[in-house]
Amino acid sequence: MASIYARSVYSAESAYAPSTPIDEMSPIFPFGTPQSPDFPAEAYLTAQHLVQQVSYLLSDKLFVYSPQSFSLAEAATAWAATGQRNGHGDVTGVVPTETRLGAASVLLGYVLSKDLAQERRGMVQSIIASSASLIPMQSALSQLALLYGVSSPFVAHISALDYDVSKERLVTDYVTPLTVARDTGLALIATSSVHEAQDMALFATVVAEIFPVINLVDGVRVGRETGRVKGVVSRDEVYRIWESITGEFRGLEKKGCKGKKIARLLDALNAELGTGYQMFQYTGAEDAEEVLVVFGSVEASLGADVARHLNREGKKVGVVSVRVYSPFMEAEFLKVLPKSVKKIAVLGQVKDETEVHDETVSSLLFGDVFSAVTFSEEWSLPPPVVDVKYSRDQVWSPRHFGAIFEQLAGKEQVAVAEEYPKEGVQFLSGAGVNQYTFWDIDDAPTAKVSAVLARALATHRKNVSYTSTYDNAAQAGVIQSEIRRGDAVIEAPFHVDYADVVVVGDANIFKSFDILAGLKQGGTLLVKGAIKDEDLEKKLTKEVLKGLVLKDAKLFILDPTNEGESEDYESSLLELSFFKIANAGYTQESAAKKLASLSSPDVLKLVEKVPTALREVPVNKEWAAEPVVAEGEEAPEPVEAPVLPSVPTHSAFTINDAKLENTARGILKSSDHAAKLLSFKEAYGVETALRPDLPVKNFIVKVQANKRLTPNSYDRNIFHIEFDLTGTGLTYEIGEALGVHAHNDPKMVERFITFYGLNPEDIVEVPSRDNPDILETRTVYQSLLQNLDIFGKPGKKFYEALAPFATDDAEKKALLTLAGPEGATEFKRLAEVDNVTFADVLLDYPSAHPDFHELAKIVSPMKRREYSIASSQQVHPNSVHLLIVVVGWKDSRGRDRWGQASRYLSLLPIGASVTVSVKPSVMKLPPLSTAPIIMAGLGTGLAPFRAFVQYRAWQRDQGLPIGPVFLYMGSRTQREEYLYGEEWEAYLASGVITRLGCAFSRDQKEKIYIQDRMRQDLEWITEEYLGTETKEDGSVVTKGGAFYLCGPTWPVPDVSEVLMEAIGKDAERRGVKVDRRRELEVLKEGGRYVLEVY
């Protein structure tokens, strides 16, 4: 298989990891969703991402038939929403569509429409759907196949995925696509791994020029597993390859022998990519005597790996993976089948266990293989072909394939079994590969720890693969995650059963799963919880303690109990504890720095707490000893321990829905109730505190300056605001952010109270702004002013929650439509064009009028807004400064709209009180004052750099030597937006700033941006950022320069390109060859390339 992927572009680019903030990170996709369909040559991606990229870039319209929880088109939908262009130069139309009988009628009408604009008639029309969606589409697909001569090209990207109600689990469904392809005549192409997902999606889209086609990939495991993919084809190259191949073959008739034409197209794709894909891919011994034929992503990948291992042991076995199932080209199949074969097994999926045991039922794949072999003239006596059936809920492991091959060699009948010894398949871990398993309650604060660690463990030298499984039944919801880490790219689509470290976030999970079954001999178990030595048997169970002895394992207990710490405390402590015991190549200090670069610098402060919170518990051999029976006494009857599953049941892609319904209640109370609360605090558990709901300390500060920096006639209000800290105890560090707890506009609140018929003085309990589980007692007026985001943007769940309160049937129907997929276009218009608020919706649907306590349940709490601090406390010990632009616009109805926090702050008078908190940041200066710093800021992105420069000036005043300071600033015009211009020029004149590069984009005919100014100084940047210096002792050391970019995201690619040019120039000067993008990643990992963009 290696030859299939051997592309020359592998080493050209480095791995790509989207910088998703930790608090927004998905426990399923730790590297986030790609923000653009233009992927770099190496990237951490899923097969779903790659399929979406190709379908988005090459399609005119992309119809999505998928439950929202499946997230099959999440990236493509986001790209369309942000106006990302496809290969044709347009924004692909992403159309969410219901899955029901006749579901494809809209699609059929579109691809066959005579009214379609001429330039769009030849464009590809695609769908993304789960395999379950194909059944209601089958009639339309049959018509499409018959009328394809007058149709637009069509490709269906299908995720082999369904929900089995009887088993209450997600299943990999190949039966439906194979059946539909056979019955409709559509071509069917299968993807065996994430590493070929992009290529097969491209191949399918090429084939669509001649035949309608289904592109199929596993939807439960392979489609969602994140791995490092090399040789990713870029946006422009995807379009070029498609255009090149289809241009050559576009004249072919859409009738005739499908198989030969598809084979020619595959050859053309191989020529473009430098790959060796075949319609049937053979792996194994040239003189194999036993051959297994497989179809499916996991089946092909795992079967080939096991065959290679057995070949190394001298066994004559092989695997044929079916890449193009329909049409099933018998000649191509027989061409790859070794002539030495004596027995063939066909691994074919059937619907359920009943069909597995029904001798009258054969798998579809078996029928095709049996016919090809039986009627072939290759043998005088054809080798026997046996049908090895399995159901859709089969979960594969290497042992299954080992057992199949073992049976092939010695038994007449072959069945799926696990009797093959584990020791025989540990090879799949490979040398230098570490495996880690994590178990936690699905909504626990530590549920994302595995995802954070996956990102931390992924370096330019080490590859990781990551997958998560939600089991909504066990413990009301469990998430299990797995990380594999090694030197080579990892492909192992099966559960980890030899984990070096198993981490359990809640000891109750031991009651539902045999967790130690997945721990290797001599491995380590880490359990989080306040567990004393005397409670081990009670908390961990006798079976677990005995298992630790039998596994010769180590046991660590992490007790994170520490009152007053933030929600992130437990997660950070667990992450540090993992690194301490995992031998992952990190010291505690380097691990802390790595974690700090991903999340919060507060992690650095927790290193010293790990030895106290984490303890190793000696494993006592007596835990496994049989009870001693005194002489003359009868031995007690042995109590058999319950047989628990060792892996979770994959029942969903998100946490248990029931938990999402447990929103905080808001209860309207009388003033008498409030008096009771305040008079009898102890009895009612009332505490008097400043915003007790927040995990960080809050302060009340007063405005001491509020000055507009741009002219009043200018359309952008950018202002400088200062807060007096005298007597507050608030301290902040360079680069940190200030969280502001803004209020809604009082006049708008009063108008809403009048319209809604509320008494502003009524007492109400409402969710706090940052912790919905905590209720605050406020008046109605206070809650609307400070708690509820009544003028914020509602999501679909609000329309769904509001609908039951509507007494008018038409209004109820309209609300439900907006909440469902059929109302997606209108919902998007309301959200993005009309900019409707919660209050607007209540005004537009007057019959939907929930009581205030019900309203408080469904309107989101307000969030604090964080701004980069624009001052150094060493220079301004009693104040903190911010630089802010007021966000304002007119909506489609001509109404003025404003960003809530920016407008609130801009209108504050001198002396006004504001609640604030401090948030740490990764924007930190290098530890040495002599290290060069290069800063690039756009607009208000200059804020942290004002603090940097002030601090460097203060350092120099203290007698410390300071290194070069380069500042590049970008804005529209010098006259209106030269923010802090006089300060910059004063620092430049005094020698604190070494180089000031101003890019005023609209001050000249040709627009100039910060990357242009940087390129003008490329020699200086190369020397100061990457250069070396000779010390007095003659040693040569790097100058340790650091680069920072703050502001909007759009200049990141251009600025990165300039830095890579500097890397190339430095390498040329040193006479070495380097991978520029990889070197930039190394700088990023080392904290020398820091981005704070939004």
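These questions and answers walk through a predicted model of a protein chain. Residues are numbered from 1 along each chain as its sequence is written, and side-chain values use heavy atoms, with hydrogens and water left out. Because the model is predicted, local features need pLDDT of at least 70 and side-chain atom pairs count only at pLDDT 80 or more, while totals for chains, interfaces and linings use all residues.

Student: What is the mean pLDDT of the protein chain?
Tutor: pLDDT is the predictor's confidence in each residue, from 0 to 100. In this chain, 88% of residues reach 70 or more. The mean is 85.

Student: How many contacts beyond four places in sequence does the model have for residues 674-695?
Tutor: pLDDT stays under 50 over this stretch. The number of such contacts is 29.

Student: Is Arg228 buried or exposed?
Tutor: Arg228 sits in strand E10, residues 226-230. Helices (H or I, at least four residues) and strands (E, at least two) are DSSP runs, numbered from the N terminus. Buried means under 20% relative accessible area, exposed over 50%, partly exposed in between, with a 1.4 Å probe and protein chains only. Arg228 has 3% relative accessibility, so the class is buried.

Student: Which side chain has a polar contact of 3.1 Å with the side chain of Arg228?
Tutor: A polar contact is a pair of N or O atoms within 3.5 Å; within protein, one must be able to donate a hydrogen and the other to accept it, and residues adjacent in sequence count only if both atoms are side-chain atoms. Glu42 makes a side-chain polar contact with Arg228 at 3.3 Å. The partner at 3.1 Å is Asn463.

Student: What does helix H17 reach from its first C-alpha to its last?
Tutor: H17 covers residues 568-582, which is 15 residues. The expected span is 1.5 Å times one less than the number of residues. That gives an expected 21 Å, and the model is close to it. The reach is 21 Å.

Student: How many residues of H17 are buried?
Tutor: The helix is mostly covered. Among the buried residues are Tyr569, Leu573, Glu575 and Phe579. Just after H17, Asn583 takes a positive phi of about 50 degrees. Of the 15 residues in H17, the buried ones number twelve.

Student: Which strands stand at the edges of the open sheet of six strands?
Tutor: Two strands pair if DSSP finds at least two bridges between them. The order is E30-E27-E34-E25-E26-E31, with antiparallel pairing. Each edge strand has a single partner, so one side is left without a neighbour in the sheet. The edges are E30 (865-868) and E31 (879-885).

Student: Which residue in E26 is the bridge partner of Lys702?
Tutor: E25 (residues 698-708) and E26 (residues 718-724) run antiparallel. Six bridges join them. The partner of Lys702 is Asp724.

Student: Which residue in E14 is the bridge partner of Leu188?
Tutor: E14 belongs to an open sheet of seven strands in the order E3-E2-E4-E5-E9-E8-E14, with mixed pairing. E3 (93-96) and E14 (324-326) are the edge strands. E8 (residues 187-190) pairs with E14 in the antiparallel sense over two bridges. The partner of Leu188 is Ser326.

Student: Is the peptide bond from Ser326 to Pro327 cis or trans?
Tutor: Pro327 lies in the loop between E14 and helix H10 (330-336). Most peptide bonds are trans. Here omega is near 0 degrees, and the bond is cis.

Student: Is Thr541 buried or exposed?
Tutor: Thr541 is found in the loop between H15 (536-540) and H16 (542-550). Its phi is positive, near 80 degrees. The relative accessibility is 19%, so Thr541 counts as buried.

Student: Which residue in E36 stands opposite Gly937?
Tutor: E35 (residues 933-938) and E36 run parallel, joined by six bridges. Strand E36 (residues 965-971) has seven of its seven residues buried. Both faces are covered, with Leu967 among the residues on one side and Tyr968 among those on the other. The residue opposite Gly937 is Met969.

Key:
Contact = heavy atoms within 4.5 Å.
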